[in-house]
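Please examine the sequence and the structure shown here before reading on.

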Amino acid sequence: MQILDRVTTLDGTVTTLAADTVTAFAASLRGALLQPSDAAYDDARKVWNGMIDKRPALIARCTGTADVVACVRFAAEHDLLVAVRGGGHNVAGNAVCDGGLVIDLSPMKGILVDPVKRTARAQAGVTWGELDTETQLHGLATTGGEVSATGIAGYTLSGGIGMLHRKHGLACDNLLSVEVVTADGTVLRAGPTEHADLFWAV
């Protein structure tokens with residue numbers, strides 16, 4: 001890993017991250033940590049809106065919750081500007097930032113459908129097309145995006161109007177619980193009966 005001398009902090013100032021600091025961070029992740037010098041960097045920073053052309057200092061391609069925790073703690077320790085990418089479909093380009101750390105959840109593609117309970121558990125990198133493919137095997141569907149490339153996480157947390165919303169409500173109305181990594185790196189499960197205030201805020 002190389003030294004990073006143009007890293008943006010939360011207050012907009014620029015700082016430096018030493019090469020050994022970045023190397024240690026990379027070693028703490030199961031997923032890849034990309035820098036501007038890496039061959040995969042340009043593809044990883046692209047989002048759905050082609051007009052967005054931001055250049056983060058680091059892109060962490062998370063493969064699970066432990067990677068997300070490591071990213072949040074690293075960002076807090078170094079006061080880094082952070083963007084979180086799910087499906088990368090946000091028109092404003094909020095899934096990427098200039099000079100900061102992108103916590104990229106798009107490699108997190110786990111989906112588990114329970115046809116008896118008629119529920120699905122999915123990781124934050126899943127798109128609606130991917131979720132629909134798994135739920136349709138069991139004759140199930142939920143209010144979801146009309147564009148299959150839209151990520152389920154950002155869509156649901158923004159409310160979520162879809163083809164079934166007149167009968168079944170918004171996507172957020174069908175959300176049963178969430179696993180959340182808080183700003184201090186704590187992992188919490190939030191729902192109507194546990195951490196209900198956090199669930200309401202989400």
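The model is predicted. Its chain contains seven helices and ten strands. The C-alpha trace spans about 55 × 35 × 30 Å along its principal axes. For 202 residues, a compact globule would have a radius of gyration near 17 Å, and the 18 Å of this chain therefore agrees with a compact form. Of the 202 residues, 40% count as buried. The chain exposes about 11200 Å², of which carbon and sulfur atoms supply 54%. Among contacts between residues at least 6 apart in sequence, 46% join residues at least 24 apart.

The largest of them has 22 residues, and Phe-25, Leu-33, Leu-58, Cys-62, Cys-71 and Leu-101 have the most contacts inside it. At least two residues of this core come from each of α1 (19–27), β4 (58–61), α3 (65–78) and β6 (101–104). The greatest contribution is that of α3, with six residues.

Helix α4, which comprises residues 128–136, has Trp-128, Leu-131 and Thr-135 buried. These residues lie on the same side of α4 because they cover an arc of only 65° around the axis. An α-helix has 3.6 residues a turn, so residues three or four places apart point the same way. The buried residues of α4 pack against β7 (111–114), β8 (119–122) and α5 (152–157).

How many aromatic pairs does a search of the whole structure find? The search finds two. A pair of aromatic rings is described by the distance of the centres and the angle of the planes. The table lists these values.

| Pair | Arrangement | Centre to centre | Angle between planes |
|---|---|---|---|
| Phe-25 and Phe-74 | stacked | 3.9 Å | 0° |
| Trp-128 and Tyr-155 | edge-to-face | 5.3 Å | 75° |

Phe-25 belongs to helix α1 and Phe-74 to helix α3, so their pair ties together parts that are 49 residues apart in sequence. Both Phe-25 and Phe-74 are buried. The other pair also links distant parts of the chain, with Trp-128 in helix α4 and Tyr-155 in helix α5, 27 residues apart. Trp-128 and Tyr-155 are both buried.

Technical notes. Residues numbered from 1 in each chain as written. Predicted model: local features only at pLDDT ≥ 70, side-chain atom pairs only at ≥ 80, totals over all residues. Heavy atoms only, no water. Core = buried A, V, L, I, M, F, W, Y, C linked by side-chain atoms within 4.5 Å. Buried < 20%, exposed > 50% of the residue type's maximum accessible area, 1.4 Å probe, protein only. Helix = DSSP H or I, 4+ residues; strand = E, 2+ residues; numbered from the N terminus. Arc of directions from axis to C-beta. Contact = heavy atoms within 4.5 Å. Phe/Tyr/Trp six-rings, centres within 6.5 Å; stacked < 30°, edge-to-face > 60°. Rg over C-alpha atoms; globule rule 2.2 N^0.38 Å. Areas by Shrake-Rupley, 256 points an atom, 1.4 Å probe, with all protein chains shown as cover.
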